Amino acid sequence: PVLKMSDKSCTLRTRKFITNGLLSRKQFVIDVLHPGRPNVSKSELKDKLATMYDVKDQDCIFVFGFRTQFGGGKSTGFGLIYDDKKAALQFEPKYRLIRNGLEKKVTKSRKQKKERRNRARVIRGVKKNAKK
């Protein structure tokens with residue numbers, strides 16, 4: 001009788017539910033009760049939220065900022081449900097889009113970024129001097 005992580009259930013509660021019309025989303029605090037379980041995966045939370053708020057496209061659901069209470073058994077985080085994918089792409093920060101798989105991460109080395117920045121500085125300096 002070996003129990004897998006998914007065998008033990010978890011309960012979701014949402015608090016401070018706000019419908020934000022300007023950003024075309026619903027936002028709320030999520031309390032997850034998961035006794036006897038280390039934590040709950042974000043994909044599982046998205047599944048449960050999709051059924052709770054009947055969301056068609058799971059790409060519109062963003063969950064983040066989870067903190068597990070001392071002693072375990074309860075975690076609290078933040079959730080956003082956008083009205084459509086277009087709104088999500090418009091308003092969400094790039095790093096969260098990358099985490100959700102809606103955008104690709106641009107891999108540039110630290111050196112490349114610095115060199116590019118320094119080249120831009122030089123060009124700006126030349127323009128200033130040329131105007132005199």
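## The model and its chain

This is a predicted model, in which local features need pLDDT of at least 70 and side-chain atom pairs count only at pLDDT 80 or more, while totals for chains, interfaces and linings use all residues. Residues are numbered from 1 along each chain as its sequence is written, and side-chain values use heavy atoms, with hydrogens and water left out.

From the N terminus on, the order of the elements is β-β-α-β-β-α-α-α. The chain has 132 residues, and 29% of them are buried. Buried means under 20% relative accessible area, exposed means over 50%, and partly exposed lies in between (1.4 Å probe, protein chains only). The accessible surface of the chain comes to about 9,700 Å², and carbon and sulfur atoms account for 54% of that surface. Such areas come from the Shrake-Rupley method with a 1.4 Å probe; for residues, only the protein chains shown count as cover.

A contact means heavy atoms within 4.5 Å. Among contacts between residues at least 6 apart in sequence, 51% join residues at least 24 apart.

## How the strands pair

Two strands pair if DSSP finds at least two bridges between them. Strand S1 (residues 11-20) and strand S2 run antiparallel and are joined by eight bridges. Along this pairing, Arg 15 stands opposite Val 29 in S2, and Arg 13 has Asp 31 in S2 as its bridge partner. S1 and S2 form a hairpin with four residues between them.

S2 also pairs with S4, again in the antiparallel sense, over nine bridges.

## Two nonpolar cores

A nonpolar core is a set of buried Ala, Val, Leu, Ile, Met, Phe, Trp, Tyr and Cys residues joined through side-chain atoms within 4.5 Å. The largest core has 13 residues, of which Leu 12, Ile 30, Val 32, Leu 49 and Ile 61 touch the most other members. At least two residues of this core come from each of strand S2 (25-33), helix H1 (42-52) and strand S3 (61-68). Another core, of nine residues, lies apart from it and includes Cys 60, Phe 62, Phe 64 and Tyr 82.

Which residues are in contact with Ile 30, leaving aside its neighbours within four places in sequence? They are Leu 12, Arg 13, Leu 49, Val 63, Phe 66, Ser 75, Thr 76, Gly 77, Phe 78 and Gly 79.

## Aromatic rings

A pair of aromatic rings is described by the distance of the centres and the angle of the planes. Rings of Phe, Tyr and Trp (its six-membered ring) pair if their centres lie within 6.5 Å; planes under 30 degrees apart count as stacked, over 60 as edge-to-face and the rest as tilted. The structure holds five aromatic pairs. The rings of Phe 62 and Tyr 82 have centres 5.7 Å apart and planes at 85 degrees, so this pair is edge-to-face. Phe 62 lies in strand S3 and Tyr 82 in strand S4 (residues 74-82), so the pair ties together parts that are 20 residues apart in sequence. Both Phe 62 and Tyr 82 are buried.

Phe 64 and Phe 78 form a tilted pair, with 5.7 Å centre to centre and 55 degrees between the planes. Phe 64 is in S3 and Phe 78 in S4, so parts 14 residues apart in sequence are tied together. Phe 64 counts as buried at 16% relative accessibility, whereas Phe 78 counts as partly exposed at 28%. The charged end of Arg 96 sits over the ring of Phe 64, 3.8 Å from its centre; this requires NZ of Lys or CZ of Arg within 6 Å of the ring centre and within 35 degrees of the ring normal. Phe 17, Phe 28 and Tyr 53 form one aromatic cluster.

## Residues with a positive phi

Most residues other than glycine have a negative phi. Lys 16, in strand S1, is not a glycine but has a positive phi of about 50 degrees. Lys 16 is exposed, with a relative accessible area of 62%.

Asp 54 lies in the loop between H1 and S3 and has a positive phi of about 30 degrees. Its relative accessible area is 57%, so Asp 54 is exposed. In the turn between S1 and S2, Ser 24 has a positive phi of about 40 degrees.
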